[in-house]
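Work through the exercises below with the sequence and the coordinates open. Each task is followed by a solution in steps.

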Amino acid sequence: MSSDDILLGIGLVTVLGVGGQVAARAVRLPGIVVLLPLGFVAGVLTDDVHPDRLLGALYQPFVSVAVGVILLEAGLRLSVREVDRRARRGVARLVLVGVAVTWAAVTAAVALLFGGMDVGVALVLGAILVVSGPTVVLPLLAFVRPARRIRTLLMWEGILVDPVGALLGATVFSVVLAGGGSWRPGAMLASVAVGAAVGLVAALALLLLLPWVQANAPRQVVPVVLAVAVGALVGADLLRDDAGFVATTLLGGVLANQRRVDVSQAMLFQASLVQLLIGVLFVLIAASVSPSDVRDVLPEAAILVVLMVLVIRPLAVALATWRTASTVRERAFAAAMAPRGIVAGATASAFGLQLSAAGLAGADRVLPIAFVAILGTVLVSGLGAAPLARALGVAGGGGALVLVVGGNAWARAVASALAAAGVRVQVWCGTPEEQRAAHDAGLPAGRGGLMLGALTREAELEEVTDALVLTANDDVNALAAAALRDELGRGHVFRLAPEPARGDLERPEDESDVLGTTALTWTEVRRRLERGARVVEDGGPGRTRAGVTPLVVVTRSGDVRIVARRAHPPAGPGDRVIGLEAAPSRVGHPLTTAR
């Protein structure tokens, strides 16, 4: 390939990897459901995105480093405090028992379905297909948002099964390639020990180095974390094959469970980088498979996917969760969540080529079979997980969830009006008196974790769709709105209008996030409340009463549209408008709809 061809290929892969995820978000599908077909079609239409041609010998090392960075970010989410003690046993059994059962069952199915395949090749393929991993599980869990207990169980399994499965695959591959003569009991445990030792040394180095970097070169925190993580991955892999995945996962886990050093800055950057890497890797893996190879194995591979989804995974979950705290419905949902991902595709590509070079029968079918298994399990889990979670009753609360920041009477009135309109509400307020008043009004309330780091903030805001920042302090409102906007997106966070001559900080020039109108400052709200103003539920389109300042429109479907300074969403038939009325309603309760 010429330099122009390589440049075009890199550009295409990057655009497809990012564009596919954005398009998937627009149509409300998990990103991986779009990325695999997109990469496959791109591989059919052009050779410029084929990884062997585009990257050559760099492809496998790139995949290893990219997966190591992904596992580091995944490890940063492994906070032991988030796992109920009763669930820890289930996590361990789901990883260990689940891997053993899946390996044995997939190997047997492959040997029976694909005639003429060497038994060693079937063993390697079975080991490859035990791997799920955070590249597919975490995006799906973020999309489905199941209840916390089952989400935590599947998150831990998805993260831990990657290094375990990679080590199993590497061990089985080395034994098969050597004809069984090099088998040594404990080889896999030795790799785990090496990876764990390197990971712990890297974690200790970061814990000693980061405080100095944060104090003297804060902009270098992310590069330092990445450099240490990549160094740990490479060092462990040079000592023992695939031990690097253990090292980076453990490194992230140690950082997540210590409180000496704040790693939230690295966590935020990792999340952005990981999204890019996931998109690029899925496109590259899909582009590496030719249509003719897929066509040759498709009937048998489709049957294998059916067996994996309907028989093998449910059997593994049933055995692994026997006599655990998991309910029948949680087990049923876990049985449906086993998509294969990047590590399976990457190892299939690498091992298949080397087994083919060794002359083992059926080795040329390893990558096409793995691709069909990845695509099939991703489609089943990606398209079926959300409706299944709702049907089983293990889905998190659906619909809009509005966070109201502020515990004053005005903020509580807005929150109560939203709750009366059928919207889920969460209140962040500080003093015990404000929290008691919110609880007395039937509102869930507590102090927010916005300043406690990325992981805590992410957990608290997981289901939040919109936020209203309504404290009496303009500076707090502006800062909190800016921080929440990074998590929830523009157009979903709104604050009270600031007083022109108040506050210690300069006001942002863009005031499109001001709730209602620029005249509705805290002083004006307090003045109106003192004169008897109320938060009311007003009429629909064309029926807004004089003296009512619209604040929020709740649609018939339960969506929330905030009335901002520069955007007044229309109210349709059946919609409910919440606003601030200048004087008490003459009829009924203040929150009763005027008709």
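Predicted model: local features only at pLDDT ≥ 70, side-chain atom pairs only at ≥ 80, totals over all residues.

**Exercise 1. The chain as a whole**

Task: State how many helices and strands the protein chain has, and what percentage of its residues count as buried.

Solution. 
- Step 1: the protein chain has 21 helices and 9 strands.
- Step 2: 53% of its 595 residues count as buried.
- Step 3: of the contacts between residues at least 6 apart in sequence, 76% join residues at least 24 apart.
- Step 4: the accessible surface is about 25800 Å², and carbon and sulfur atoms hold 61% of that.

**Exercise 2. The span of α10**

Task: Find what length helix α10 (residues 221–239) should span, and compare this with the distance between its end C-alpha atoms.

Solution. 
- Step 1: the buried residues of α10 include V221, V225, A229 and A236.

**Exercise 3. The largest cavity**

Task: Describe the largest cavity by volume, lining and residue classes.

Solution. 
- Step 1: there are 4 cavities of 30 Å³ or more in the structure.
- Step 2: the largest cavity has a volume of about 180 Å³.
- Step 3: 17 residues line the largest cavity, with V130, S132, E157, R313 and A338 nearest its centre.
- Step 4: α5 (85–113), α8 (148–177) and α13 (291–320) each give at least two residues to this lining.
- Step 5: by class, the lining has 11 nonpolar, 3 polar and 3 charged residues.

**Exercise 4. The second largest pocket**

Task: Which helices each supply at least two residues of the lining of the second largest pocket?

Solution. 
- Step 1: the volume of the second largest pocket is about 550 Å³.
- Step 2: its lining has 23 residues, and Q60, S64, D237, D241 and D242 are the closest to its centre.
- Step 3: the helices are α4 (59–75), α8, α10 and α15 (342–357).
- Step 4: the lining divides into 15 nonpolar, 5 polar and 3 charged residues.

**Exercise 5. T521**

Task: Does T521 count as buried or exposed?

Solution. 
- Step 1: T521 sits in the loop between β5 (493–495) and α21 (522–530).
- Step 2: buried means under 20% relative accessible area; T521 has 7% relative accessibility, so T521 counts as buried.
- Step 3: leaving out residues up to four places away in sequence, T521 touches A497, P498 and E499.

Terms used. Residues numbered from 1 in each chain as written. Heavy atoms only, no water. 1 Å grid on protein atoms, 1.4 Å probe; cavity = no way out; pocket = protein on both sides within 12 Å on 5 of 7 lines; lining within 4 Å. Points joined across faces, edges and corners; volume = space filled by probe spheres on them. Helix = DSSP H or I, 4+ residues; strand = E, 2+ residues; numbered from the N terminus. Nonpolar A, V, L, I, M, F, W, Y, C, P; charged D, E, K, R; others polar. Expected span 1.5 Å × (residues − 1). Buried < 20%, exposed > 50% of the residue type's maximum accessible area, 1.4 Å probe, protein only. Contact = heavy atoms within 4.5 Å. Areas by Shrake-Rupley, 256 points an atom, 1.4 Å probe, with all protein chains shown as cover.
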